[in-house]
2 protein chains.
Amino acid sequence: MATAEVKLTKNQRLVLDLLCASDAPMSAYAILDQLRAEGLRAPLQVYRALDKLIGIGLVHRLESMNAFVACAHPSCHSLEMVGFAICEECGKALEFADSDIAEILSEWAGTNGFLAKSTSIEIKGTCAACQTATEHL
Amino acid sequence: MATAEVKLTKNQRLVLDLLCASDAPMSAYAILDQLRAEGLRAPLQVYRALDKLIGIGLVHRLESMNAFVACAHPSCHSLEMVGFAICEECGKALEFADSDIAEILSEWAGTNGFLAKSTSIEIKGTCAACQTATEHL
DNA sequence: ATATGTTATGTAATAATATAACACAAATAA
DNA sequence: TTATTTGTGTTATATTATTACATAACATAT
């Protein structure tokens with residue numbers, strides 16, 4: 001099992017499991033609320049777990065939403081370039097990875113002497129399901 | 001002159017001029033602080049001006065920093081896809097536009113039935129100047 | 001010119017997101 | 001064992017953003 005490869009602490013596991021169970025990204029405070037029953041009490045407990053999980057590559061941060069989502073490909077916990085298409089209707093985030101984009105960006109970086117550490121690509125719009133759902137209003 | 005094409009109100013002008021004069025992105029509250037001398041008093045005054053300027057395409061929002069920057073190409077105030085390479089040393093943001101990336105992303109959207117409204121691409125790292133500056137430490 | 005609709009303004013209060021600082025406990029490694 | 005690192009729990013606070021409401025400025029159509 002992918003997510004067992006790394007030893008996680010209690011808080012880290014609670015946060016990761018919750019994110020994996022969620023069908024949409026969650027804010028740090030939404031995570032906290034859900035985990036109060038498990039004994040979490042302060043924002044910092046969540047933020048620290050998130051920092052670690054992001055560092056490992058098991059969680060991604062959606063910059064444009066201040067929200068967090070479990071990596072869709074936890075097995076390949078490469079920290080490679082992934083992007084998200086975020087539906088503004090249902091709030092779900094579709095993760096994608098595109099090597100072509102990665103290549104173009106690294107080309108740009110090379111040309112401009114920019115040393116890239118991390119990249120965030122976020123598309124906002126409406127997902128296929130929600131477009132269909134909206135059609136017959 | 002590019003920025004004269006649209007009629008801006010006093011607050012919008014103040015915010016835009018400040019961002020244009022700044023060599024790096026600014027937070028809303030940094031903007032507010034700078035404009036207290038001009039009579040601005042509340043965050044909302046800044047946020048409202050920013051919303052308008054972003055809508056017009058004269059300002060971009062850096063999602064990963066909660067900061068705002070004047071568009072580098074104010075003449076072509078197309079709302080097309082632009083990206084930023086943000087230097088974590090000096091804080092400056094280099095704006096770029098890449099039609100290849102736009103194409104790949106719109107291809108992905110087409111294939112996945114996603115209706116895209118806006119896209120954010122942000123690369124974090126170290127700019128050429130700061131790499132040079134750090135070399136001889 | 002005046003009524004109407006729209007857009008912008010000013011202000012206060014508050015919500016939502018994130019971090020600093022400190023003391024302590026658990027796991028790891030020397 | 002001792003030292004070191006890593007994680008925990010807690011309080012307080014910093015930073016970013018919005019809600020709600022009242023008023024003013026401006027356009028334009030009668």
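**Two chains, one sheet**

Modeller: Along the sequence, chain A reads α-α-α-β-β-β-β-α-β-α, with helices (H or I, at least four residues) and strands (E, at least two) taken as DSSP runs numbered from the N terminus. That comes to five helices and five strands in chain A. This is a predicted model, where local features need pLDDT of at least 70 and side-chain atom pairs count only at pLDDT 80 or more, while totals for chains, interfaces and linings use all residues. As for bookkeeping, residues are numbered from 1 along each chain as its sequence is written, chains are lettered from A and ligands numbered from 1 in the order in which they are written, and side-chain values use heavy atoms, leaving out hydrogens and water.

Biologist: How do you know which surface serves the two copies?

Modeller: Take contact as heavy atoms within 4.5 Å. By that rule, 100% of the contact residues of chain B recur in chain A, and the same surface serves both copies. Each side is counted too: 32 residues from chain B and 32 residues from chain A.

Biologist: What is the area buried between chain B and chain A?

Modeller: About 2800 Å², with 64% of it from carbon and sulfur atoms. Buried area here is the accessible area (1.4 Å probe) that two parts lose on being put together, summed over both. W108(B), F114(B) and I123(B) give 22% of what chain B buries against chain A, more than any other three residues.

Biologist: Why is the contact of E88(B) with K117(A) called a salt bridge?

Modeller: The rule wants a side-chain nitrogen of Lys or Arg within 4 Å of a carboxyl oxygen of Asp or Glu. The closest N and O atoms of E88(B) and K117(A) are 3.8 Å apart, so the pair meets the cut-off. Across the interface of chain B and chain A the rule finds two salt bridges. Among the elements giving two or more residues to the side of chain B that touches chain A are α4 (99-112) and α5 (128-135) of chain B. The largest share, 12 residues, is from β5(B).

Biologist: What is the strand order in the open sheet?

Modeller: β4(A)-β3(A)-β5(A)-β5(B)-β3(B)-β4(B), six strands with mixed pairing. Two strands pair if DSSP finds at least two bridges between them.

Biologist: Why are β4 (93-96) of chain A and β4 (93-96) of chain B called edge strands?

Modeller: Each pairs on one side only.
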